[in-house]
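I opened this model to look up a few local features and wrote down what I found. The entries follow in the order I made them.

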Amino acid sequence: MNVALSIIFGFLILAIILGVLSSKGKDMNMEQWSVGGRGFGTALIFLLMAGEIYTTFTFLGGSGWAYGKGGPTFYILAYGCLAYVISYFLLPKIWKYAQEHKLISQSDFFVKRYDSKLLGVLVSIVGVLAIIPYLVLQLKGLSIIVAVTSYNTISSSTAIWIGAIAITIYVTISGIRGSAWTAVLKDSLILIVVLFLGIFLPIHYYDGIQPMFKSIETIRPGFLALPEQGLSISWFISTVLLSSVGFYAWPHIQGAIYSAKHPAVFRKNAIIMPLYQLILLFVFFVGFVAIEQVPGLEKSNVDLALLKISIQTFDPWIVGIIGAAGLLTALVPGSMVLMSASTLITKNIYQTFFPKTSEKKIIAITKLMVPIVALISVYFTFNGGDTLVPLLLMGFSLATQLFPGMFFGILKNNFVTKQGITIGIIMGVGIVAYTTITNTTMGTVLPSVPQWIKDINIGIIALVINLLSMAAVSFITTKVQNNRMYKPLKEDLEK
């Protein structure tokens, strides 16, 4: 076993130990397992939320897009900052409602707020469909990281199985507490690694960041700007908007929200997180350095940019630390996703049809679902060929369709009905599913429109249709309900 692989496995074992020990002395009922007994403070919530910034998507996908796409990569930096502004106002209200009604999952919010268990089933199905690609993304990233940084001592397929088994073990035992304490290790290591790579590599190869950009502009003029078509400014704006409103619509994010012990936690984090987001720049710098130093990466291989330049530059023990950091970027969000999917399937689908099931049996079935969901994700990981960024964008398009129901649900004077929310979600998800399966874009639907319209992210179109359908159906159903309510009164007055 080489030095790099020893370091990677050392951190993997440490992560599992931390996850298992985090549940020591706790009665792991459903509330403890899913939302940590609603007792997490600012630091742990920050680390859980930060776990959604530094995933394999940003570690590999961010540097890969910097390598292959250039300027459009900065959408990753932009959408997070806008999402944190939204979180300042949105999350405290969601937390308050969840605290009052003892909610466990995202679907619980819809069930309680709109008084519809069937709506909860629909939201659960959409949530699982959205986060399975997200878990696949983490496993894909994990396989790349372990295989490359172990100098191919461990194959990609073996790495996927190792990661899936590790996540399954500590999620089953510790739930969200395992994710939180592993996040402490992950964020400490990833911060050191990303800053080191983003500062050292430009200096090592170009004597600074500015000379690096000058060199890229010389060999690829306009590469660092947005292109006139394709990933153009209209794509950039629509994708940033889609991703920012969908950021907190992911089901696994809801678990982190519910686990806080006070709403002020979210306001503090909303102030700090945009600064933390800036560290993503250093991930991009690594991809930019690799353009000249590791030429020839194409298609899905662009996700190897960070790892290839690291192996080319550093000794195996440093590569091992980089690989360990990448490993943890998969384990933390992967465990949150796995836990959320299992909770949704059991609590909001199974229990809806079998309402007399005891809590003890529900927690047992939920834990049983963890390895099942993991196996499904492993299957799609082996049978999918997409690069990391498209996988995340597809998940975002699905998760964002749940945002209108969340947003209007926190309003005091909510005009939206359960029928409106249901039809809106079905319409939005239907469009996302159709366009994903058929590779439909605005350009293929409307070939004669101006280029800026062709480049709009079709997920935004799905969201707009979702909103229009929701508003129209809500108006109609409210009018019908009012007519039913006042018809007997009108007849009595006429008599």
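What covers the buried residues of H14? I noted that this is a predicted model, then went through the list. The cover includes helix H4 (56-68), helix H5 (75-101) and helix H9 (176-206). Helix H10 (209-219), helix H13 (264-277) and helix H15 (305-313) are also among what covers them.

**Entry: H14 itself.** I looked up its extent next. H14 runs over residues 280-293, which is 14 residues. From first C-alpha to last it reaches 20 Å, close to the 20 Å expected at 1.5 Å a residue. I then checked burial: 11 of the 14 residues are buried, and H14 is mostly covered. Among the buried ones I listed Phe 282, Phe 284, Phe 285 and Phe 288. Leu 280, Gly 287 and Ile 291 are also on that list.

**Entry: positive phi.** Most residues other than glycine have a negative phi. Asn 152 is not a glycine, yet its phi is near 65°. I placed Asn 152 in the loop between helix H7 (117-149) and helix H8 (156-174). Asn 152 has a relative accessible area of 62%, so it is exposed. Asp 207 also turned up, with a positive phi of about 65° in a residue that is not a glycine. Asp 207 sits in the loop between H9 and H10. I read a relative accessible area of 70% for Asp 207, which means it is exposed.

**Entry: Ser 116.** Is this loop residue buried or exposed? Ser 116 lies between helix H6 (106-114) and H7. Its relative accessibility is 14%, and the cut-off for buried is under 20%, so Ser 116 counts as buried. Setting aside neighbours within four places in sequence, I found Ser 116 in contact with Val 111 and Lys 418.

**Entry: H7 against H17.** I looked at how H7 packs on helix H17 (residues 359-382). The angle is about 65° and the axes are 9 Å apart. H7 is therefore roughly perpendicular to H17. The contact involves Ile 132, Leu 135, Val 136, Leu 139 and Lys 140 from H7. On the H17 side I wrote down Val 373, Ser 377, Val 378, Phe 380 and Thr 381. I recorded the crossing of H7 and H17 as right-handed.

**Entry: the core.** The largest nonpolar core has 157 residues. Those touching the most other members include Met 49, Phe 59, Tyr 75 and Phe 110. H7 supplies the largest share of this core, 18 residues.

Terms used: Residues are numbered from 1 along each chain as its sequence is written. This is a predicted model: local features need pLDDT of at least 70, side-chain atom pairs count only at pLDDT 80 or more; totals for chains, interfaces and linings use all residues. Side-chain values use heavy atoms; hydrogens and water are left out. Helices (H or I, at least four residues) and strands (E, at least two) are DSSP runs, numbered from the N terminus. The expected span of a helix is 1.5 Å times one less than its number of residues. Buried means under 20% relative accessible area, exposed over 50%, partly exposed in between (1.4 Å probe, protein chains only). Contact means heavy atoms within 4.5 Å. A nonpolar core is a set of buried Ala, Val, Leu, Ile, Met, Phe, Trp, Tyr and Cys residues joined through side-chain atoms within 4.5 Å. Axes are lines fitted to C-alpha atoms, for helices over the stretch in contact, and angles run from 0 to 180 degrees between N-to-C directions. Angles under 35 degrees count as roughly parallel, over 145 as roughly antiparallel, 65 to 115 as roughly perpendicular and the rest as oblique. A crossing is left-handed if the near helix is turned anticlockwise from the far one by less than a right angle, and right-handed if clockwise.
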